[in-house]
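Hi everyone, thanks for making time. I'd like to walk you through a structure, so please have a look at it before I go on.

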Amino acid sequence: MTTGADAGRLPAAYLSTGSSSFTDFVGAHSPHLLPSRRALPVGSTMEAPHGTTIVTVTYDGGVVMAGDRRATMGNLIANRDMEKVFAGDEYSAVGIAGTAGIAIELVKLFQVELEHYEKIEGTLLSLEGKANRLASMIRANLGMAMQGLAVVPLFAGYDLDKRTGRIFSYDVTGGCYEEHDHHSVGSGSLFARGAMKKLWRPGLSADGAVSVAVEALYDAADDDSATGGPDVGRRIWPTVAVVGDQGVVFRSDDELRTTVEAVIAARQGNPGGAR
Amino acid sequence: MSSMPFYVSPEQLMKDRADYARKGIARGRSVVVLGYDKGIAFVAENPSRALHKVSEIYDRIAFAAVGKYNEFENLRVAGVRYADLRGYSYDRTDVTARGLANAYAQTLGTVFTQESKPYEVEIVVAEVGSTADEDQIYRLTYDGSVADERGFVAMGGAAEPIETGLKERWEPGLSLADALRLAVELLAKDPAKDAGKEGGAPTRTLGAGQLEVAVLDRERPRRTFRRIGGGLLDALLSTEDPTHDAPAEDDRTPGRHDTLTGESPRDESTNPQTQRPTE
């Protein structure tokens, strides 16, 4: 801490002009608060809770993002009711797979980043602008990713100019790729992708897209031990966000129970599910 | 240049600086901040749609300023950075107007005494509480003095007559429409023409186009700051229109929802932090 007459004064970084990025400001002023700026011992790897499967499905007028609720650590279930799909801002959702602790911190930073820009500039970032900001955060995390603490998000939002839902996927190096129709990340993504390929069709309604997402997560949980299926006994349903021109709306537990129960009922004696 | 060639007494130096700052502030148009039954309203005479005198700092905190635009804009950005950093490293509920007002006071005080020119600004930091008693309004002047105001504040060139008017006519529990009409009526009195006269009629009419109006609405979840414009502002300012409050829902049009215009409200609003639709 500085002492003297102006000790309580806002530091120069606060009053400097220029950047409207919160991440840049934190990086310049108190870098220790950034999730990616931690020094790790070289050459070591560690085990930390991992989040698993996220799916996104576009529909006519928006995009649905859903995630299972399980976090695993090795062969153990670290958490069974974790939320992995978050609203980035009013018109975007971000889902996370990978090291849960860092991913959640990253999402928190991303949410502040978007709101900070909005307050300082007085306008919303474009959807691609948001996707690129997320890419730069993942890029900054590369050092940690190389030591086993990787974060791979999936980003989906409603494009206010094009009036459609769009999906962006990432790799650990921060590469950002636009995906079409549907996409999935995480350990169960192979199975979820297969399911979505068969179930998705153009012109889906929002409810239709929610069913496709829940089916895909069910298939992922069926074959991937790290993905949690719907837990009827504990009433744990997947997290489902619908992003359309009305903004991000999370489906309530009651709505999800109906959808999930329909999926489970349809699979009685028919384990392959809808086709 | 090594040192000052003449001796100037500290008193004289401070007085000169204060006069300088006061003159700069007095040139600008005024801003009124006043409580109403459901929150805190901000009314500024400001024909610009882009260069704001009133802005959002955080969920329940707003900022209003008069004086030199570049200087208070600098302070506004610093306030947003302060609040966002604090909320990010602690929790959203740990960001308070009192903390921000202290940081501003220290900054303005240091600039006033140590830099070659004081800031020619006067600012208000207001935080809406869960009841009117918990509302906080801090007024900060160019030299770093802070005052904790109850109910209302007026700043700028015509601050004194407006403040007198508010003292006589403001009361707790005014509706938004009444509060806005009172503020606009007082802002419209031209101090130059009105000097000496008591209770003189408004010498100008301030229309919606010359006003910047915003509220901190205590009943909203999370971000409580909304600008008020379009048809809604006209309706609130008109004595014939029965509208007396801002709608609880944002506009339906997709896009940024910082302004309420009263046209086609949406059914649902979401809250990125709690992750659930508001019930």
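Let's begin with a sheet in chain A: five strands form an open sheet in the order β11-β2-β3-β12-β13, with antiparallel pairing. Its edge strands are β11 (182-185) and β13 (247-250) of chain A, and each of them pairs on one side only. Direction ignored, neighbouring strands here are turned by 15 degrees against each other on average.

Before going further, some housekeeping. This is a predicted model, where local features need pLDDT of at least 70 and side-chain atom pairs count only at pLDDT 80 or more, while totals for chains, interfaces and linings use all residues. Residues are numbered from 1 along each chain as its sequence is written, and chains are lettered from A and ligands numbered from 1 in the order in which they are written.

Helices (H or I, at least four residues) and strands (E, at least two) are DSSP runs, numbered from the N terminus. Two strands pair if DSSP finds at least two bridges between them.

Back to the sheet. Strand β12 (residues 239-244) of chain A pairs with β13(A) in the antiparallel sense over four bridges, and G244(A) stands opposite G247(A) in β13(A).

Which helix lies across β2 (54-59), β3 (62-67), β11 and β12 of chain A? That is α7(A), running at about 155 degrees to β2(A). For angles, axes are lines fitted to C-alpha atoms, for helices over the stretch in contact, and the angles run from 0 to 180 degrees between N-to-C directions.

Helix α7 (residues 206-223) of chain A also meets helix α6 (residues 189-199) of chain A: their axes come within 8 Å and cross at roughly 145 degrees. The crossing is right-handed, meaning that the near helix is turned clockwise from the far one by less than a right angle. On the α6(A) side, the residues in contact are F191(A), A192(A), A195(A), M196(A) and L199(A). Their partners in α7(A) include V212(A), E215(A), A216(A) and D219(A). Contact here means that C-beta atoms, placed from the backbone, lie within 7 Å. The residues of this helix contact divide into nine nonpolar, no polar and four charged. In that scheme, Ala, Val, Leu, Ile, Met, Phe, Trp, Tyr, Cys and Pro are nonpolar, Asp, Glu, Lys and Arg are charged, and the others, Gly among them, are polar.

Now G273(A), in the segment after α8 (253-266) of chain A. Leaving aside neighbours within four places in sequence, G273(A) is in contact with E215(A), Y218(A), D219(A), A266(A) and R267(A). The C-alpha atoms of G273(A) and A216(A) are separated by 9.8 Å, with the two residues 57 apart along the chain.

F168(A) stands opposite E178(A) in β10(A). Five residues lie between the strands, and G174(A) takes a positive phi near 95 degrees in this hairpin.

Finally, chain B. It has seven helices and eleven strands, and 46% of its 279 residues count as buried. As for the interface, 28 residues of chain B are in contact with 33 residues of chain A. On the chain B side, α2(B) gives the largest share, ten residues.

Note on methods:
Contact = placed C-beta atoms within 7 Å. Buried ≥ 20, exposed ≤ 12 C-beta atoms within 10 Å, placed from the backbone.
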